[in-house]
Amino acid sequence: MSMASLPSTQSDPRAAKQRRSLKSHERRIGFAFALPSLIAFVAVILIPFLQSLKLSFYRYTIEMDTPRFVGLSNFRKLLSNPDTLSIWLNTLTFVVLTTSITLVLGLAWAVVLNQSFRGKAFLRALSLLPWVLPSTVTAFLAAWIFNGQYGILNAILLQLGVITEPVPWLAEAHSAMAAVVLTRVWVSVPLFMAFFLAGLQGVSQDQMDAARVDGCENIGVFRYVVLPHLAPTIIIVTILGAMSNLQAFDVIYALTQGGPVKATTMLSIEVYKQAFQNWDVGSACTIGVLWFLTIAIPSIFYLRILFKREN
Amino acid sequence: MLLLNNWRARTGFMTLLLVIGGFLFLPIVWMLLTSIKPEGEVFVRIPTILPHAPTLENYRALFSHSETAMQLCNSLITAGGGALLTVALSTYAAYSFAKFRYFGRKPLMFLMLSAQMFPFAMLLISVYPMLQWADLLNTRVGLIVAYIILALPSGTYMLYSYFINIPNEIIEAARVDGASEVYILHRIVLPLAIPAMVTVGLYSFMWAWNDLLFSLTLITSPELRTVGPGLLLSYLGEGRANWGGAMAESIVISLPVVLGFAFLQRYFIKGLTAGAVKS
């Protein structure tokens, strides 16, 4: 790009030589700008990652001074442990439910906030709140709402006559998972909404008018004009959402610590517990590999999209 | 845009507005109301919505011991430090990736972006002994260094998307005038990129402020604890938790990020979505 925008200097060999050295000087400076960031990246991200990959082939527990190479033994143990499958399925359930519910609510909320009405700008800004709050705060708020004794959810349902006895939501497997999913949905709706709102700005008014002339009502306009326009945004938001839900740790850990028993234990929780509570680093890294491979699936689609855009 | 010219469309619209709005905002209202209720009104099976005798007692209790103030201070230092470091590193890298041509530039950028698929807890397992080795475990500096992990890749990409849209002609013109590369970046390009840098700064500040995992793992001294673990560890495991106090502390520790967003959200939404939505 920079080469094309400069006048040609081919006729003058001395100037050409000067330009070449200028180019290489420019390249060196350019690389130097990236260097601090690359060093930081290698030091705190790449090397730790490779190191943890390596440790998945080692046995390394609290009572050992140095890791001992055990080959695939950790992986064999992992695959023969029935908990592994249930943790992986927990993760999958959590990610699929959270991402899809957030997608629907985020899109609907973006459509609502795309209308013009009084107080819209204020409402848009306010809508970011759930996303901005610290995850521990969110978890405490959820724990308070779902509280089995004094929680407002039980109070409302009791008043409405839906239930006759208070339900200990966080103490039962299915309802605990539902609570974790809903809490995470609550956190992510604002972000999805922001992306969709940005996407909605680009929908052509002419096309919508044309669809209306053809007899479409709101639903039809949404289905045939808005949705196709948003398709690329929906894809990337779904992928990014799935990636971040796969990484999710804070809210889940602060809300249920993975319990009751292991009902809300995701890969993230299990790695943390193995590594920093049981200090069984080898096993933790082995589960980490499974976790990494799971995140890699949406990540590859994400990187492909970015790659296509850059080329 | 929807056309709300008939009764059915208006009802549908209002239903969406109320249901999703209620879902998003009522919990926050409940948090505020609980925080100003006296203890006797919190622990009842069917509570009243508004407090009979609103009180600021929970907030007074919060600041009567110094823990909360100390944790706020720790979070301010570590999240602020992490954000500054992230902005500095990602700005130079993004400018380099966007405006220079050298061998390996694209692969390096994609390698960095691919880091978003490395599980955080898995990185921490090996960051932990590294910080221990450098004598930075259980220090604020160590936590700041670890916070780079959170937003360096995505911050670099956000700034990259921004720099790409700054015309090359501006840079070329300065080069023809004999300006040095360092001068061009600092005096010509950076002033144009301030909105994007604010976005990345706020983004990484928020990640670090809201963090639980890193701080829980890398900090063990109570006097260095940040707000996330602070809240968790002071109210968790009590048989009958002090919910009013927990809600008051929740509100107090949320205020810094909430205020940050209140002032900067305009920049923020633009910067954040620029990279992901095709223009």
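Trainee: Where in helix 9 of chain B does a kink lie?

Mentor: In this predicted model, the kink lies at Leu190(B), shortly before the proline Pro191(B), and amounts to about 60°. Helix 9 of chain B covers residues 181-209, which is 29 residues, yet its end C-alpha atoms are only 35 Å apart. A straight helix at 1.5 Å a residue would reach 42 Å.

Trainee: How should I read the packing of two helices, and what angle do helix 12 and helix 13 of chain A make?

Mentor: Two packed helices are described by the angle between their axes and by the distance between those axes. For helix 12 (residues 267-276) and helix 13 (residues 281-310) of chain A, the angle is about 165° and the axes are 8 Å apart. The two helices are therefore roughly antiparallel to each other, and their crossing is left-handed.

Trainee: Which residues of helix 12 of chain A meet helix 13 of chain A?

Mentor: An α-helix has 3.6 residues a turn, so residues three or four places apart point the same way. Here, helix 12 of chain A contributes Leu267(A), Ser268(A), Glu270(A), Val271(A), Gln274(A) and Ala275(A). Their partners in helix 13 of chain A include Ile287(A), Leu290(A), Trp291(A) and Thr294(A). The residues of this contact divide into eight nonpolar, five polar and one charged.

Trainee: Helix 12 of chain A also packs against helix 6 of chain B. Is that pair roughly parallel or roughly antiparallel?

Mentor: The axes of helix 12 of chain A and helix 6 (residues 120-133) of chain B come within 9 Å and cross at roughly 20°. That makes the two helices roughly parallel, and the crossing is left-handed. Ser268(A), Val271(A), Tyr272(A) and Ala275(A) meet Ala121(B), Met122(B) and Ile125(B).

Trainee: At what angle do helix 13 of chain A and helix 5 of chain B cross?

Mentor: Helix 5 of chain B spans residues 105-114, and its axis comes within 11 Å of that of helix 13 of chain A, with a crossing of roughly 150°. The pair is therefore roughly antiparallel, and the crossing is right-handed. Ser299(A), Leu303(A), Leu306(A), Phe307(A) and Glu310(A) make the contact with Lys106(B), Phe110(B), Leu113(B) and Ser114(B).

Trainee: How many residues does each chain give to the contact as a whole?

Mentor: The size of an interface is often given as the accessible area lost when the parts come together. Here the description is by residues: 86 come from chain B and 84 from chain A. On the side of chain B, the largest share, 13 residues, comes from helix 12 (residues 243-274) of chain B. The side of chain B that touches chain A divides into 64 nonpolar, 15 polar and seven charged residues.

Technical notes. Residues numbered from 1 in each chain as written. Chains lettered and ligands numbered in written order. Predicted model: local features only at pLDDT ≥ 70, side-chain atom pairs only at ≥ 80, totals over all residues. Contact = placed C-beta atoms within 7 Å. Helix = DSSP H or I, 4+ residues; strand = E, 2+ residues; numbered from the N terminus. Nonpolar A, V, L, I, M, F, W, Y, C, P; charged D, E, K, R; others polar. Axes fitted to C-alpha atoms, helices over the stretch in contact; angles between N-to-C directions. Parallel < 35°, antiparallel > 145°, perpendicular 65-115°, else oblique. Left-handed = near helix turned anticlockwise from the far one by under 90°. Expected span 1.5 Å × (residues − 1). Bend = angle between axes of the 7 residues up to and from the residue.
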